[in-house]
Amino acid sequence: MVCSAAPVLLLAMTLPLVGSPVAQASQPGQNQAGGELGQQLDQKSGASAAASASAPVESALASVYVQMDFPDQTWPLALSGTLTLPLASASSSPGTLTGLSLTTECNVDHEGYSHCACLSGYQWNASVCSHHQACQMPHNHRPCGCLVFSPAEAGYCQLLPPAPGTLSPNSWVQTPGSTLNLTLVKNHETTDLDWFLRPPGSPTPILLQPGTHVSLTSSPGQAVLSILNVSHKWAGEYTCCFEAQGFRWELSQVVKVALQATDVTRLPDQLSILSSTCVGFQLTCCIPSTHLTYTASWSPEEGSRDGDTTCPEDSSAVTWNVTKAGHVAHAPCPANRTGLVERTCGPDGAWEPVRSSCTRTELLALHHRAWLLQAGQGWPAAEVSQILAQLSEQVAVVSSPSDLLALLGTISLLAKVVVDTRIQLPRRALEALLKTTDKVLDMDTSSLWAPAQAQEPSAGSDLLLAVEILARSLCPRDHPFSFSLRNVRLQTQLLGPASPADYRASFSTQPPLQAHIPRRSLAPLGHNGTDISITSLVLQKLDHLLPSNYGQGLGSSLYATPGLVLAISIMAGGQAFNQGEVIMDFGGTDSTSHCVFWDHHLFQGKGGWSDEGCRVQSARANSTSQCICRHLTAFSILMSRNTVPENPTLELLSRVGLGASILALLVCLGVYRLVWRVVVQNKVAYLRHTALLNVVLCLLAADTCFLGAPLLPPGPRSPLCLAAAFLCHFLYLATFFWMLAQALMLAHQLLFVFRQLSKGRVLSLMVVLGYMCPMGFAGAALGLYLPRGQYLGEGACWLNGKGGALYAFVGPVLAIVGVNGLVLAMAVLKLLRPSLSEGPQVKKRHALLGVIKALLVLTPIFGLTWGLGLATLLEEVSIIPHYIFTILNTTQGVFILLFGCLMDKKVREALLERFCRTQSPNSTISLATYESHVPEHRGGRSEDARSPVPTPKLFKQKYREN
């Protein structure tokens, strides 16, 4: 009987055959004895032959299954004798065992299971390996060494045939930066081919797969492994594993790679000493483990001379020795940190700030593992989850910008590995990532994030992209999944392929957030019969860590973000889909908002906000901004820092002011209808009131258009909205250009006393200035900014204040106000200090006084109004200028009625005469002839000099008498 745990031998023998029997030679793996189950032999007989030679020869190598049980470990001595095989049949001749080779050794456990292992030169057939359990967990690339057989089974290892190929590198010693090529020349068909690398000192090999440094090619005759830009990280034993001729094969070659200068750590890298005080120093040189031999030497530079500028010794935090000007002093990093501390001695002998690249060794090790995974070394399916779990433990010890950059770099590398290898993450790995992200977003901005972003400006953008990629890579079996922390919120949902329903997600953030994807956007994705997974990720505080970069259409202004970013991803059939309509509601946004997404391709890969494919619909009743976008990515909203938040008070002031202005302008038109013939009896009065009438008409039309613009659908695709914005721009500009025409007419009357133009010519020039110039400005702004998408403001039928279109209005207005101010100053000086050569000044003053008074009041008011309007475009302006600007801007019609029309004494007197009906004909004639005392000069002569005119004193007396 078989003893428990007794050794059992399976043998291969060389048999001399007597006679000439005819039989078929067995090939390994072709019969039951060699490939599957051996025949269970009689334990008492001890052996049973199972093969013979294929032709009459004296001897042949045959596969013979012999099971021998030994009660102890003395079996080698028991095999020292000659064994005689029993007769297979009556007709067969006896044979004598002349040679013996051991193939398999088995141990039987107490349950009767045999644990069998192959001896040197023999191996299990591949089909036997696939049908039996291994004794212990093997490496998936190694040939199976030990198998477990049940009591009813038996099997033996087979003799290996010659290797089916050769493996050779292009060079056994590689130069850093070169390309290593390992070529397997195949003599037989191969399957399941894998490449492995076992670095020096590593107990286990590492799987090689396509990556940034690894390239694999295969053809019927050969397979090639290429390593690009090799370094010492790629030195070691390369193994090619494949299956051929029914066996699993391994072919190996050792490749050495020379070190580069950057691979050698010298501490200190530079050393500046003062020979008079230095008694000795120590230099350290550290190199990675390698198969090559290196010799370290030190070559000192030329010594310093007396009088050289040096920085003094400093022992504030780290001991800095006396260092020559222009040199860099080095110091080691603290324990558990890798890197270097540097400090430059300035040319003037003053120490510069300390620069440290010291990083926690554990974080660097994780970053190195992630880099190797991306390069092509390792098992991503297992290692990505392991690294994420370790990062969640190491994030608590991040204490320097270099630590933060190492952690962020590791997450970015893992995201690239997931994309390249298309692996899926288990729930525990995603939880570890979100916990790490939550703590990273809570890190101090001034001491960690700001210095880190100074070195890597795209650090925040890279984190957003990496977390977005990893979050959408959750295994389908783990859906639905919900996770919430202070800065991170995640919701996932798995929809069936048949008629997926609308997707909705809501987050209790500040501001509150809701997302909705209509069914029509999801239906095309389910046509291939695959499930649809949707991931919604909210990251708070991350928007404040992104660069202030704004794409085309947003201008160069600074914006404020609500403190969160929403990233929505759709996966179907293992692919990410970026197209589809998504509707988002951002609550509590009382400012003019822009619906934007983070475009990682803008600004040379640094990323920036873009509004392409997004539009905003503001629901002002509940202070919610609704964004509709035609693609999926990371969304947020931008609120102008220089736009006052919408509030009911300003809205009410604006509407009431515009209504009052329109009413005042209508009253002004009615007044002119009543008194026009009375107040325009001479050229100066006619030109003045004509200009003021055009101001009233333009401002009335502009206010009416502006008041009705909010009722139109906003956006550049609305012709009515576009027309309203253009008309408002043109009419408001025309208002100010007619004021300019009035001021220039006044200047001409005062400066060119004896060279007056005719009334018709002056009027034509005023029409050109009042209408053609504003038309040119308005048309130029439309043609320049509309193609760029910068003409209309977001959600309004008015000019965009961020892209420059608004400055095409504010600029001319402020210039006109400035010119009017200069004209007024000149007019006041002229009237206060008249010259005898300019004619009778008394006759001029009363005619021009009305013009001066109107301009003297309206110009400062309008200048103040649009000065405040320009101030509201600046950053961080308080609410007070917005209120003042709204009041002054919407009540311009009231000012024109009061100071441009009713302040004129002749208008008032005409109104009194019109309504009171108490004046006599004489007083009426006196009133009509009162304005005619101002002469109109032609060729230096007065046109009405022949008409006697009463003086103002006489007129007043007559009027009182009547």
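View 1. Strand β12 (residues 180–186) and β16 pair in the antiparallel sense over 6 bridges, pairing being called when DSSP finds at least two bridges between two strands. Residues are numbered from 1 along each chain as its sequence is written. Because the model is predicted, local features need pLDDT of at least 70 and side-chain atom pairs count only at pLDDT 80 or more, while totals for chains, interfaces and linings use all residues, and side-chain values use heavy atoms, with hydrogens and water left out.

View 2. In the order β10-β12-β16-β15, 4 strands form an open sheet with antiparallel pairing. Its edge strands are β10 (165–169) and β15, each of which pairs on one side only. Neighbouring strands of this sheet are turned by 10° against each other on average, direction ignored, with axes taken as lines fitted to C-alpha atoms (for helices over the stretch in contact) and angles running from 0 to 180 degrees between N-to-C directions. Strand β15 (residues 214–218) is joined by 5 bridges to β16 (residues 222–227), and the two run antiparallel; a hairpin connects them through 3 residues, and T217 stands opposite V224 in β16.

**View 3. The disulfide of C118 and C157.** The structure holds 8 disulfides, a disulfide being a pair of cysteine sulfur atoms within 2.5 Å. The sulfur atoms of C118 and C157 are 1.8 Å apart, and the torsion about their S-S bond is about -90°, so this disulfide is left-handed. C118 lies in strand β5 (residues 114–118) and C157 in the loop between β8 (146–149) and β9 (158–159), so the pair ties together parts that are 39 residues apart in sequence. C157 has a relative accessibility of 1% and therefore counts as buried, a word that means under 20% relative accessible area, as exposed means over 50% and partly exposed in between (1.4 Å probe, protein chains only).

View 4. C311 and C345 have their sulfur atoms 2.0 Å apart, and with 95° about the S-S bond their link is right-handed. This pair links distant parts of the chain, with C311 in strand β21 (residues 310–311) and C345 in the loop between β25 (341–344) and β26 (355–356), 34 residues apart. C311 is buried at 0% relative accessibility, and C345 is buried at 1%. A disulfide also joins C333 to C358, with 1.9 Å from S to S; its torsion is about -90°, so this disulfide is left-handed. Both C333 and C358 are buried.

**View 5. N694 in helix α12.** N694 lies in helix α12 (residues 683–708) and is buried, with a relative accessible area of 13%. Not counting residues up to four places away in sequence, N694 touches W738 and Y771, a contact meaning heavy atoms within 4.5 Å.

**View 6. Helix α7 and its buried residues.** Helix α7 (residues 427–441) has 15 residues and reaches 21 Å from its first C-alpha to its last, close to the 21 Å expected at 1.5 Å a residue, the expected span being 1.5 Å times one less than the number of residues. Among the buried residues of α7 are A429, L433, T436 and V440.
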